[in-house]
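Q: I have a structure open and want to learn how to read it. Can we go through it feature by feature?

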Amino acid sequence: MNYTITVLGLGFVGMTTALTFAEKNHQVYGYDIDTRRMDLLRQGILPFSEPGLDQALTRHLGQKFNIVEDAESAVRSSDFVFLCVGTPAEGNGEADLSYIYDAVRMFSSVLHDGKHRVIVVKSTIPPSTTSERIIPYMEEIGLYPGDMFSVANNPEFLREGKCWEDAMNADRIVCGVADHIAETMLRSLYSSFNTPFFAVSLNTGEYIKYLSNTLLATMISYSNEMSKVAHVVGDIQVKEAFKILHLDRRWESGNMASYVYPGCGYGGYCLPKDTMAMYATGRLKGYEPKILREVIKVNDSMPQFMADRIMNIARPSDNLGILGLSFKPGSDDVRDSSSAKIIEILLKAGYTNLLAYDPIANDAFNEKYSFNDIKYCKDLSSIVEQSDILVLVTAWEEFKGIEDVYSGKPIIDCRYFL
Ligand SMILES: NC(=O)c1ccc[n+]([C@@H]2O[C@H](COP(=O)([O-])OP(=O)(O)OC[C@H]3O[C@@H](n4cnc5c(N)ncnc54)[C@H](O)[C@@H]3O)[C@@H](O)[C@H]2O)c1
């Protein structure tokens, strides 16, 4: 069965959702409030780096995937509306739902026309949000799920840098549903993916996503805490110790071991805000998740810990070359990047001769953080030439073996990578 689908919010998740459905022959309309993003997409340009997704855009733009000016008319002809807007952290750590509410208001007038649609929240939202906040919000503005439409959630598990690969070969598809129509329609929509499909309660759908992200954050903070213990004990080969830990056969399958590894702390768009949101949700409901509290504390302490390591070796007058600016290798996403936090501490401490290089994220970093005192280098050899001390912050493959090629310069390896 081929469906018509509207995707609202065309970031990493929205573009991946839109293009995977287009790839499966559904008719997809995409809309974003960011007009610059829409202009780029209309020209076939993906506004961020994602291997595979760029080619999918070229394949489907103007055919199975169309960018629309008017979200309301797109929704009118659609069977499904996927909400893929941001859910950033509010000051108290809770998820900010305002983008979801704004998106719902954009098409609210259409839902009375007698056609049964499924409104699917793909954005990450804490458990109980669909049932206790989104549906009540809809009811407040006169939208009553039931005969008119269904509301479901469908968390996304993709990894940035591997969006296309992860979405086309997902491990599981999880849908939180409250009625049979939503379950049947979603099951049918996803039937061509050949992936295990789970229809669960609304709260369970949301919970599974946080189970995943908070466990990853916990493994990272655990590893970072252990690296701190190793540093105070002394004479511990941290990298070797973790590599030997991973030789235990129980870590063998998949890539999970990469999360049980120390570094500068988790960053990016998801783990920081999702861990905070789950902590805030537990507290709001009357239970303080103590492990998550400490996971967040350890993570928050990592930039200072790394900056202290750097300042123990470097003098403020040294030329410090920062290698890597994106939050992880393989991506040009600089949201919540460790490099930005470490650079901020170094600048405040009077280290003003900073150089920086990232294989793909120099421009995105400069645009987001606008640190005045950084000189961006166009390639690895130019940053190495101009630096007295190198600081590896993002573990790009390009930096592997740098200690052999550019021997003689002190390298502070914040990722235990070299
Ligand atoms: N990035 C990831 O790796 C990832 C993975 C899984 C889940 N998620 C979750 O998916 C959601 C989206 O994440 P993302 O990384 O794609 O975010 P993003 O910031 O890249 O994209 C969100 C887009 O929504 C647009 N938007 C905001 N309000 C809108 C509206 N009313 N109508 C239409 N567009 C609107 C924004 O302009 C932006 O382009 C978040 O809840 C996130 O937690 C992200």
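Q: Is Thr 130 buried or exposed?
A: This is a predicted model, so every value here is computed from it. Buried means under 20% relative accessible area. Thr 130 has a relative accessible area of 0%, so Thr 130 is buried.

Q: Where is Thr 130 placed, and with which residues is Thr 130 in contact, leaving aside neighbours within four places in sequence?
A: Thr 130 is in helix α6. With those neighbours left aside, its contacts are Ile 125, Ile 135, Pro 136, Val 151, Asn 153, Leu 202 and Glu 206.

Q: Which strands does the chain link through helix α6?
A: Start with the strands. β5 and strand β6 (residues 149-153) pair in the parallel sense, over five bridges. Here Arg 117 stands opposite Phe 149 in β6. The chain leaves β5, passes through helix α6 (residues 129-140) and reaches β6. This β-α-β crossover is right-handed.

Q: Which other strand pairs with β5?
A: Strand β4 (residues 80-83) does, in the parallel sense, over four bridges. Look at Leu 83: its bridge partner in β5 is Val 121. Together with helix α5 (residues 98-107), β4 and β5 make a right-handed β-α-β unit.

Q: Why is strand β5 described as largely enclosed by the rest of the structure?
A: Count its buried residues. Strand β5 covers residues 117-121, and five of the five are buried, so the strand is largely enclosed. Now check the directions. Arg 117, Ile 119 and Val 121 point one way, while Val 118 and Val 120 point the other way. The residues on both sides are buried.

Q: How is the chain divided into domains?
A: The domain assignment gives domain 1 (4-200) and domain 2 (210-413). Their centres, taken over C-alpha atoms, are 32 Å apart. The contact takes 23 residues from domain 1 and 23 residues from domain 2.

Q: What area is buried between domain 1 and domain 2?
A: First, the general idea. The size of an interface is often given as the accessible area lost when the parts come together. Between domain 1 and domain 2, the buried area is about 1,600 Å². Carbon and sulfur atoms give 51% of this area. On the domain 1 side, Ser 49, Thr 124 and Glu 160 supply 29% of the area buried against domain 2, more than any other three residues.

Q: How many salt bridges are there between domain 1 and domain 2?
A: There are three salt bridges between domain 1 and domain 2.

Technical notes: Residues are numbered from 1 along each chain as its sequence is written. This is a predicted model: local features need pLDDT of at least 70, side-chain atom pairs count only at pLDDT 80 or more; totals for chains, interfaces and linings use all residues. Side-chain values use heavy atoms; hydrogens and water are left out. Buried means under 20% relative accessible area, exposed over 50%, partly exposed in between (1.4 Å probe, protein chains only). Helices (H or I, at least four residues) and strands (E, at least two) are DSSP runs, numbered from the N terminus. Two strands pair if DSSP finds at least two bridges between them. A crossover is right-handed if, with the strands pointing away from the viewer, the path from the first strand over the helix to the second runs clockwise. Domain bounds come from an automatic or database domain assignment. Contact means heavy atoms within 4.5 Å. Buried area is the accessible area (1.4 Å probe) that two parts lose on being put together, summed over both. A salt bridge is a side-chain nitrogen of Lys or Arg within 4 Å of a carboxyl oxygen of Asp or Glu.
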